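Here is a briefing on a structure, arranged by topic. Please keep the sequence and the 3D view open while reading.

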Amino acid sequence: NAGVTQTPKFQVLKTGQSMTLQCAQDMNHNSMYWYRQDPGMGLRLIYYSASEGTTDKGEVPNGYNVSRLNKREFSLRLESAAPSQTSVYFCASSETNTGELFFGEGSRLTVL
Amino acid sequence: RKEVEQDPGPFNVPEGATVAFNCTYSNSASQSFFWYRQDCRKEPKLLMSVYSSGNEDGRFTAQLNRASQYISLLIRDSKLSDSATYLCVVNYNDYKLSFGAGTTVTVRA
């Protein structure tokens, strides 16, 4: 049971480099999300996609872009990484907008 | 002011003890409420939803107090495996859940 799969699990970047976090779910969920988690703070929503073909900003979208490639896949791109983007990133999916969130295992990103 | 606030703990309790903690939320229009569990360096997982009338799931009891804008979680007969961080989650707007920073519980033998 794969559920939500994120890659890579770990990444170290230099300031200014770009990278894309990949996320795929096999539960046929309509909604997908990208969160970041920092110490002492709750998970914060970066972007979400209510359904295939739509994306919307969350609480902290600056410095990020997303693509809902198809119903299964939702990627997060950092165009020019900054040390403030050092965080743990979680992708999640849900069947409905108020339903249970299923999370991936997380991607630990360090920006030097 | 944070939308969802939790006592970070840690709550350090012996096996078999009862532990309870609250979470306060600021938006009175909040519609649904959840507790998620997060083990160290793992992803969050849904523990239980919180219903207006309160609800139990085995040793776990969740309560909602809309008047005072808080939800609570009580764990009875604590097990070592209950050691985790418990995240309070509030939904006040479609697709936009607000997460608390979590309450850490450590159950000792």
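Which residue of β8(A) stands opposite Met19(A)? Leu78(A) takes that place. The model is predicted.

**Sheet in chain A**

- Four strands make an open sheet in the order β1-β3-β8-β7 (chain A), and the pairing is antiparallel.
- The edge positions go to β1 and β7 (64-68) of chain A; each has a single partner strand, so one side of each lacks a neighbour in the sheet.
- From one strand to the next, the twist averages 15 degrees.
- Strand β1 (residues 4-7) of chain A pairs with β3(A) in the antiparallel sense, over four bridges. In this pairing, Val4(A) is opposite Gln25(A).
- β3(A) also runs antiparallel to strand β8 (residues 74-78) of chain A, and three bridges join them. Here Thr20(A) faces Arg77(A).
- Strand β3 (residues 19-25) of chain A is mostly covered, with five of its seven residues buried.

**Sheet in chain B**

- Chain B has an open sheet of five strands, ordered β1-β3-β8-β7-β6, with antiparallel pairing.
- At its edges stand β1 (4-6) and β6 (55-57) of chain B; each has a single partner strand, so one side of each is left without a neighbour in the sheet.
- The twist from one strand to the next averages 20 degrees.
- Six bridges link strand β3 (residues 19-25) of chain B with strand β8 (residues 70-75) of chain B, in the antiparallel sense. Thr24(B) is opposite Tyr70(B) in β8(B).

**Nonpolar cores**

- The largest nonpolar core has 23 residues. Phe21(B), Trp35(B), Ile71(B) and Tyr86(B) touch the most other members.
- Several strands of chain B each supply at least two residues of this core, including β4 (32-38), β5 (44-50), β9 (84-93) and β11 (103-108).
- A second, separate core has 20 residues, among them Leu21(A), Val66(A), Leu78(A) and Ala81(A).
- What does Tyr86(B) contact, leaving aside its neighbours within four places in sequence? Its partners include Phe21(B), Trp35(B), Leu47(B), Phe60(B), Leu73(B) and Val105(B). Gln6(B), Arg37(B) and Thr103(B) are also among them.

**Interface of chain A and chain B**

- Contacts involve 22 residues of chain A and 18 residues of chain B.
- The two chains bury about 1,700 Å² between them, and 57% of it lies on carbon and sulfur atoms.
- How many salt bridges does the rule find across this interface? It finds zero.

**Salt bridges**

- Over all chains, the whole structure holds eight salt bridges.
- Asp38(A) forms a salt bridge with Arg36(A), with the closest N and O atoms 2.9 Å apart. Asp38(A) counts as buried because its relative accessibility is 11%, and the cut-off is under 20%. Arg36(A), at 8%, also counts as buried.
- A network of salt bridges links Arg36(A), Asp38(A) and Arg44(A).
- Arg77(A) forms a salt bridge with Glu79(A), the closest N and O atoms being 3.2 Å apart. Arg77(A) is partly exposed at 30% relative accessibility. Glu79(A) is partly exposed at 42%.
- In chain B, Asp77(B) and Lys79(B) form a salt bridge, their closest N and O atoms 2.9 Å apart. Asp77(B) is partly exposed, at 37% relative accessible area. Lys79(B) is partly exposed as well, at 32%.

Key
Residues numbered from 1 in each chain as written. Chains lettered and ligands numbered in written order. Predicted model: local features only at pLDDT ≥ 70, side-chain atom pairs only at ≥ 80, totals over all residues. Heavy atoms only, no water. Pairing = 2+ DSSP bridges. Axes fitted to C-alpha atoms, helices over the stretch in contact; angles between N-to-C directions. Core = buried A, V, L, I, M, F, W, Y, C linked by side-chain atoms within 4.5 Å. Buried < 20%, exposed > 50% of the residue type's maximum accessible area, 1.4 Å probe, protein only. Contact = heavy atoms within 4.5 Å. Buried area = accessible area lost by both parts, 1.4 Å probe. Salt bridge = Lys/Arg side-chain N within 4 Å of Asp/Glu carboxyl O.
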